[in-house]
Amino acid sequence: SDRLVYEKDPSLRESVKEQLKNTAGMMADSQKQLIGGNGEAGSNEEISAAVSMILYSSPIYLNELVNEYVTHVNSLAGASIDEISASNPDYVYIRTAGRNLQAGLNELQNQYRAESVLYMKRLRYIEAGVLAAFISILILMGVFVFYPMIRRIQRENNKLKENEEYTREILQTAADGVISADDNGNISSFNRAAERMFGYTESEAVQKNIQSLLSDPGSSRSLKSGEKTARRRDGSTFPIELSVNDTHVHNKHIYICVVRDITERKSAEQAILRARDTLEDKVKERTAELTKTNALLKREIVEKENAQEALRESERRFRTMADTAPVMIWMAGPDKLNSYFNKVWLEFRGKRLEHETGGGWTEGMPRGDREQVLEVGIASYKSKREFTVE
C-alpha cells in the first residue's frame, strides 16, 4: 500500500528520492570514518573489518546497523534500473556489512540472554513506558489519523456542497423549465426558466401543487409526459411539452418535470398546415391547367401525325407518278445539288439513286457539255427562271 501511495504522489516520490540520496551520502561518510577518518574510501575488506570490530563491542549499535541494513536493502529495491551499479552506496553497504551481520546478531543474542534478568527488573518501568507510549500513540493517532480523517470528511462535504451548487446552477440556467415535486405533487423547486414561463417566483411556486399549473388538473398519480395546456399566473394559457420522470432521493419518491413552451412550434405547425392547404389548392389549379394543356398537346400531336401521314401519302403518290411517267424527272434544291431522280432516269443512266444525287449525275458527260449545262442551270437558279438546254 505504501508503494501505491508512493507511485501516485509525485511530490512524495521526489521527497523520498531526495532523502535516499542524503542517506546514501551519510553512509558513505560513515564508511570513510570507520577506516580512519582520512576522507578516502578503503577496500571492501577494510570496511568489513572495521564494521566487525564495532559489532561485538556495542549491541545498541548492532541494532542500529541492522535497521540501517534493512533501510539500504529497501532503498536498493526501490531504485530504478539506471541507479543500480557496482558503485551504488546502497550496494556497497550491503555487500560489505552483510558478511559479519549474522555473526554480530548471534553475539547480540547471547548478550541479550545474559541481560534478561536485568530487563525483568526494569519491567515495571517498561510497563509505564508502554502505557506512556500507548497514550502517545493515541495522541499521535488523533493528530495523524483522526484529524486528517476529519479534514478529509470536511473536504468531501465541501466538495459535495460545491457539486450541489454546480448542479443547482445548471438547473437554474437551463432554457427549459425544471420543476421538482413530492409524491403528492407539491412543488419543492422551481428554476428561473419556469418562473419566466408561469409568472411565479420560486417562493410562490413551492406553496402550490404542480397540477394547479395545468388548465386540466388531475391527481399527482395521473401526471404523465406529453403535450398539455398550461396556465400562467395571469390566467392566460399556452401549450407546453411536459416530460415527467419519477425517482427516489433519500428514500423519498419525487417527480422531476421538464417543461418546454411550444407556443412558437405550434404557431409554426399551424402556418405549415395553412401553407399545405394553400399548396394543395394551387396544385389542383395547376393540375387542371396541365390537364387542359395536355389535352391540347395530344390534339396537336394527333394533328401533326395526321399531317405527316398526309405528307408521306403525298410523297408516295408523287414518286409513283414520277416513276411511271415516260420522261426523265429530277429535283434540285437551293444548293443547286440534285436530290431526286425518277426510275426512268436511273434506268437510262444505269445507276442507282445514291450514285446520281448531288453532282453525281454530271459524271459521264463530256466536259464542254457539262460546263454548258451547269452554266445555264446556275444562271437560271439565280434568276429563278425556267431553262432549256440540250
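A nonpolar core here means a set of buried Ala, Val, Leu, Ile, Met, Phe, Trp, Tyr and Cys residues joined through side-chain atoms within 4.5 Å. Keep in mind that this is a predicted model.

**The core**
- The largest nonpolar core has 20 residues, and Ile 179, Phe 190, Phe 198, Leu 213 and Cys 257 are the ones that touch the most other members.
- At least two residues of this core come from each of strand S2 (187–190), helix H8 (192–198), strand S4 (237–249) and strand S5 (252–261).
- S4 gives the largest share, with 4 residues.

**Salt bridges**
- You'll find 15 salt bridges in the structure.
- One of them pairs Arg 233 with Glu 204 at 3.0 Å, N to O; Arg 233 sits in the loop between strand S3 (226–231) and S4, while Glu 204 is in helix H9, 29 residues apart.
- Glu 227 has a salt bridge to Arg 265, with the closest N and O atoms 2.8 Å apart.
- Because Glu 227 lies in strand S3 and Arg 265 in helix H10, that pair ties together parts 38 residues apart in sequence.
- Glu 227 also meets Lys 266 in a salt bridge (2.8 Å, N to O).
- A network of salt bridges links Glu 227, Glu 241, Arg 265, Lys 266 and Glu 269.

**On the surface**
- Asp 277, Glu 280, Asp 281 and Glu 285 form a negative surface patch.
- Asp 277 belongs to helix H10 (residues 263–324) and is partly exposed, at 40% relative accessible area.

- Most residues other than glycine have a negative phi.
- Lys 384, though not a glycine, has a positive phi near 55°.
- Lys 384 falls in the segment after helix H13 (367–383) and is exposed, with a relative accessible area of 77%.

Note on methods. Residues are numbered from 1 along each chain as its sequence is written. This is a predicted model: local features need pLDDT of at least 70, side-chain atom pairs count only at pLDDT 80 or more; totals for chains, interfaces and linings use all residues. Side-chain values use heavy atoms; hydrogens and water are left out. Patches are made of residues with over 30% relative accessible area and no salt bridge: like charges are joined within 9 Å, nonpolar side chains (Val, Leu, Ile, Met, Phe, Trp, Tyr) within 5 Å. Accessible areas come from the Shrake-Rupley method with a 1.4 Å probe; for residues, only the protein chains shown count as cover. A salt bridge is a side-chain nitrogen of Lys or Arg within 4 Å of a carboxyl oxygen of Asp or Glu. Lys and Arg count as positive and Asp and Glu as negative; His and the chain ends are not counted. The place of a charge is taken as NZ of Lys, CZ of Arg, CG of Asp or CD of Glu. Buried means under 20% relative accessible area, exposed over 50%, partly exposed in between (1.4 Å probe, protein chains only).
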